[in-house]
Amino acid sequence: MTFDCIVVGAGPAGASAAYHLAKRGRSVILLEKQALPRYKPCAGGVSPEVAQWFDFDFSPAISCKVENLRYTWKLDDPVEAHLEATEPMWMVQRDVFDYFLVQQAQAQGVELRDNTTATGIEFKDDRWHVNTANGTIEARYLIAADGAAGSMRQWLGFKQSQQRTGVILESPTAGLQPTIAKFEFGMVKNGYISSFPKGDRCSIAGATFRGSEPSDLRAVMASYSQKMGVNPADCQQFVQPLCLWDGNQKLHTQNALLAGEAACMVDPLIAEGVRPAMFTGVKAAEAIDQALFGNLNALENYTQLIHDKWGAEMLWAQRIAGAFYRFPGLSYKKGIKRPTATTAFGQILCGQLRYSDIANKAISRLSGGLIPGMG
């Protein structure tokens, strides 16, 4: 059987693409190298804006919702704020959230083959051939959504992505201020540490966004977790590559598209990855559906749309990050401690504001900045 599309990777980008393609009546096969549901290291914050791109209720996949934020500078000078947003920020466990998306795709007719690793690809006879241990799968189009550590990007001929490293401590501690998301600045140079409640778990995540990466990030995070009342010995520790957006790039090639972190879609200011992944998945599905209808420019248009809708905003995010992390101590005092900054942050997370709406004012304060901090 030849499918209309093979989607490699069953994370938010791949599952979103598969769902929307199948909903348009296309035959789709979704490949995932791990058995589902599978754990995915992630801070776990998701913008409720994603709900508008789907026609089902996400409630079963949300562990809890956060309405309050707490910021500290080197564990001192706390700032507490209420998120002024219509819908609170979602906290999710990625094994639950990702599999929920996959199940919605299956309900639309998507064929899932988990525990199936793509071992190579070839374009011949006007279609893609994806090799696996269980045989070759053929499709007219291909979506590479296999994440930062996947091979599809390289196999499709795109240049290697630049990656940074995130460290995540997954704690079994439940009820640790279950409605408050915490952000610590100053302990990690050019970055931050977050602590997000996720029902019966808590994720403590740390990352940097500029300059060389610190060699002591794990030790710093262990120290932070202890001060938060979490024993590092009780945590699972994960090191996760991050493909931060670092300029627009081509996202299409012969009958194939990049989506999600394979397309370097992680926000360079706050490390948000789920929302942009789902956005690219939705738009990739639209583009391939149009290509199947005969639109010869559909894939090229996808690249341009992502540049226009996402890349333009990420350029502002990158500039704000540069201003914020240049003088982080001063930025904390003049930016984070301003009530208007917290309000703007909540609206950005929920899709009610864009970086472009506030960037000039933020950057003009040099170190006033915005409030980084989402998983």
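The structure is a predicted model, in which local features need pLDDT of at least 70, side-chain atom pairs count only at pLDDT 80 or more, and totals for chains, interfaces and linings use all residues. Residues are numbered from 1 along each chain as its sequence is written, and side-chain values use heavy atoms, with hydrogens and water left out. Mean pLDDT (the predictor's confidence in each residue, from 0 to 100) is 90 for the protein chain, with 95% of its residues at 70 or more.

**Confidence**
- Over residues 366-375, pLDDT stays under 50. The model has 60 contacts beyond four places in sequence for this stretch, a contact being heavy atoms within 4.5 Å.
- Where pLDDT is low, predicted coordinates should not be read in detail.

**Nonpolar cores**
- A nonpolar core is a set of buried Ala, Val, Leu, Ile, Met, Phe, Trp, Tyr and Cys residues joined through side-chain atoms within 4.5 Å. Buried means under 20% relative accessible area, exposed over 50%, and partly exposed in between, with a 1.4 Å probe and protein chains only.
- The largest core has 113 residues, of which Phe58, Phe97, Leu142 and Ile143 touch the most other members.
- A second, separate core has 12 residues, including Cys202, Leu217, Met221 and Tyr224.
- Residues up to four places away in sequence aside, Ile143 touches Cys5, Ile6, Val7, Val8, Ala17, Leu21, Leu257, Ala259, Ala284 and Ile288.

**Pockets**
- On a 1 Å grid over the protein atoms alone, a pocket is an open set of points with protein on both sides within 12 Å along at least five of seven lines, whereas a cavity is a set where a 1.4 Å probe fits but cannot get out; lining residues have an atom within 4 Å of a point. Grid points are joined across faces, edges and corners, and a volume is the space filled by probe spheres set on the points.
- The largest pocket has a volume of about 980 Å³. It is lined by 50 residues, and Lys40, Gly147, Ala148, Gln240 and Glu261 are the closest to its centre.
- The second largest pocket has a volume of about 270 Å³. Among its 17 lining residues, Glu49, Arg275, Lys309, Trp310 and Arg354 are the closest to the centre.
- Helix H6 (298-326) and H5 each give two or more residues to the lining of the second largest pocket, and H6 gives the largest share, 4 residues. Helices (H or I, at least four residues) and strands (E, at least two) are DSSP runs, numbered from the N terminus.

**Cavities**
- Arg70, Tyr71, Thr72, Lys182, Phe183, Glu184, Tyr224 and Met228 line the largest cavity. Strand E5 (68-73) and strand E13 (180-185) each give two or more residues to this lining.

**Loops and backbone**
- Leu36 and Pro37 are joined by a cis peptide bond, with omega about -5 degrees. Pro37 lies in the loop between strand E2 (28-31) and strand E3 (45-46).
- Asp126 has a positive phi, near 65 degrees, and is exposed at a relative accessible area of 60%.
- Asn255 also has a positive phi, near 55 degrees, but is buried at 13% relative accessibility.
- Most residues other than glycine have a negative phi, and most peptide bonds are trans.
- Gln93 is buried, with a relative accessible area of 9%. Beyond its neighbours within four places in sequence, Gln93 contacts Ser63, Lys198, Asp200 and Arg201.
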